[in-house]
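Please open the structure in your viewer and keep the selection tool at hand.

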Amino acid sequence: MAEIKRGQAKPAEEEEEEIITEDNVFEHYDEPQGFFPNQVMADLTVSFALLVITIILAYAVPADLVEPMDISTTDYVPRPEWFFFFLDQWLIYFPGAALVAFGDIAMPIIFAIVLFAIPWLDREPAYSPARRPYMVVLGFLVITAIVLNLFLSMVRILNFPGGSPAG
Amino acid sequence: MTRIRDRMAERGRDVADWLEERTRLVSFMEKQLYEPTPRRGMWLYTLGSATLFLITIQFLTGILLLFYYVPTTKDAWNSIYYIMHHVYFGQLIRGMHFWGANLLLIVIGLHMIRTFLSGSYKPPREMNWVVGVALIILVSLLAFTGYALRWDQEGFYAWEVGMKIASYTPLIGAWAVSLLLGGDTVGPATLSRLFVFHVWLMPAILAPLIGVHLILLRLHGEFGAAFEYSERLAKLNKRKQYERMEEYFASDEEEEESSRGE
């Protein structure tokens with residue numbers, strides 16, 4: 001038979017507090033939560049919103065389909081999709097055979113290589129954007145250049161005779 | 001009522017046990033569903049799953065479009081016109097494919113910006129960033145090839161301009177154009193190749209890369225911005241401050257002792 005101890009119980013042992021160092025500071029979150037249910041619900045909410053948006057757009061603004069391809073037309077003004085507007089704008093800055101190759105082939109390839117290499121280019125150990133200003137400013141400049149060129153190209157295309165979707 | 005509920009719960013447990021014994025599915029789901037994720041900034045982390053959702057929509061609507069799309073120069077435009085005007089829900093399916101592609105490019109861009117700003121590419125997550133960049137390039141190429149598949153004036157001339165630019169590539173320009181056109185000029189072979197790139201080749205590369213992206217994410221966990229770790233960072237800073245103070249006082253005492261000795 002087990003012996004029953006009488007008297008005051010000894011205090012519960014305190015859990016050893018983790019010593020936080022620069023190496024382990026990012027190993028656990030402050031107050032983590034399970035992926036299910038909160039994050040799953042947030043993901044489903046956003047996905048559902050996107051589904052509704054695509055369905056509404058599908059009926060409200062039907063997908064483009066202009067006249068069939070006709071190689072003999074001479075008055076058709078080709079325009080790229082919006083996601084290639086910034087590349088289209090670069091053709092203005094880099095005209096001529098040699099410069100086109102530089103602007104629309106060499107530059108995007110260099111840009112892609114730099115994108116791939118970002119983890120090795122950013123050697124700053126800090127994660128916060130405020131503590132790695134060079135990378136953040138560089139990233140901001142690249143995004144600004146893309147968005148600005150996108151709008152410049154859009155304005156140019158819309159002002160070009162026959163460039164607007166209507167005409 | 002209680003008895004029915006108990007019987008139902010028991011049956012549910014039986015099914016779960018049966019599945020677990022044969023597939024280990026229950027323990028797998030438990031591991032995946034209850035993995036710790038950051039509590040703050042929860043909505044920022046929905047961009048990755050939103051991207052995956054839109055890619056799934058693209059796959060599903062793309063498969064449905066293939067039931068009617070004919071990849072020949074004579075019938076490509078007509079088949080799309082037919083889908084839009086005569087097929088049940090044709091306008092919806094094509095519209096969802098078209099707008100889904102546009103939204104996908106926006107969402108994947110935002111996902112990349114979030115990853116960049118939070119520094120989520122830092123060790124040991126470098127390879128996930130590399131795979132992510134490959135995915136964004138693939139998605140852009142899919143959008144470009146899909147644009148030309150409708151074989152209308154817009155798509156055709158966009159492809160023509162693209163080929164013109166590609167022809168300026170030093171050393172491999174002519175070869176690349178010949179590969180993409182399937183000859184010297186735009187023709188039936190061009191559309192066949194576009195179809196192969198858009199429907200077979202690129203999705204065949206994209207799908208396993210998405211798998212690798214998700215496996216790597218699960219391996220190293222999600223990384224948010226530094227604010228997810230603000231309490232731990234505060235503790236670290238406090239400890240470092242104490243250490244600095246201790247060092248300061250220790251050096252003061254040493255100085256005092258050495259001055260006494262003199």
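A residue is called buried under 20% relative accessible area, exposed over 50% and partly exposed in between (1.4 Å probe, protein chains only). This is a predicted model, in which local features need pLDDT of at least 70 and side-chain atom pairs count only at pLDDT 80 or more, while totals for chains, interfaces and linings use all residues. Residues are numbered from 1 along each chain as its sequence is written, chains are lettered from A and ligands numbered from 1 in the order in which they are written, and side-chain values use heavy atoms, with hydrogens and water left out.

**Aromatic pairs**

Select A:Phe36, which is partly exposed, with a relative accessible area of 35%. Rings of Phe, Tyr and Trp (its six-membered ring) pair if their centres lie within 6.5 Å; planes under 30 degrees apart are stacked, over 60 edge-to-face and the rest tilted. By this rule there are 19 aromatic pairs over all chains. One of them joins A:Phe36 to B:Tyr34, edge-to-face, at 6.0 Å centre to centre with 85 degrees between the planes. This pair crosses between chains: A:Phe36 belongs to helix α1 (residues 35-60) of chain A, and B:Tyr34 to the loop between α2 and β1 (36-37) of chain B. Helices (H or I, at least four residues) and strands (E, at least two) are DSSP runs, numbered from the N terminus.

Next, select A:Phe94 and A:Phe102, an edge-to-face pair at 5.4 Å centre to centre and 70 degrees between the planes. A:Phe94 is buried, at 17% relative accessible area, whereas A:Phe102 is partly exposed, at 38%. Then select A:Trp82, A:Phe83, A:Phe84, B:Phe144 and B:Trp159, which form one aromatic cluster.

**A buried aspartate**

Move to A:Asp88 in helix α2 (residues 85-93) of chain A. Is A:Asp88 buried or exposed? A:Asp88 is buried, with a relative accessible area of 16%. Contact means heavy atoms within 4.5 Å. Leaving aside residues up to four places away in sequence, A:Asp88 touches A:Pro80, A:Ser153, A:Arg156 and A:Ile157.

**Helix α4 of chain B**

Select residues 76-85 of chain B, helix α4, whose buried residues are B:Ala76, B:Trp77, B:Ser79, B:Ile80, B:Ile83 and B:Met84. They cover an arc of only 165 degrees around the axis (taken from the directions from the helix axis to the C-beta atoms), which puts them on the same side of α4(B). Against which helices do the buried residues of α4(B) pack? Their partners are α3 (46-66), α5 (90-117), α6 (126-149) and α9 (188-220) of chain B.
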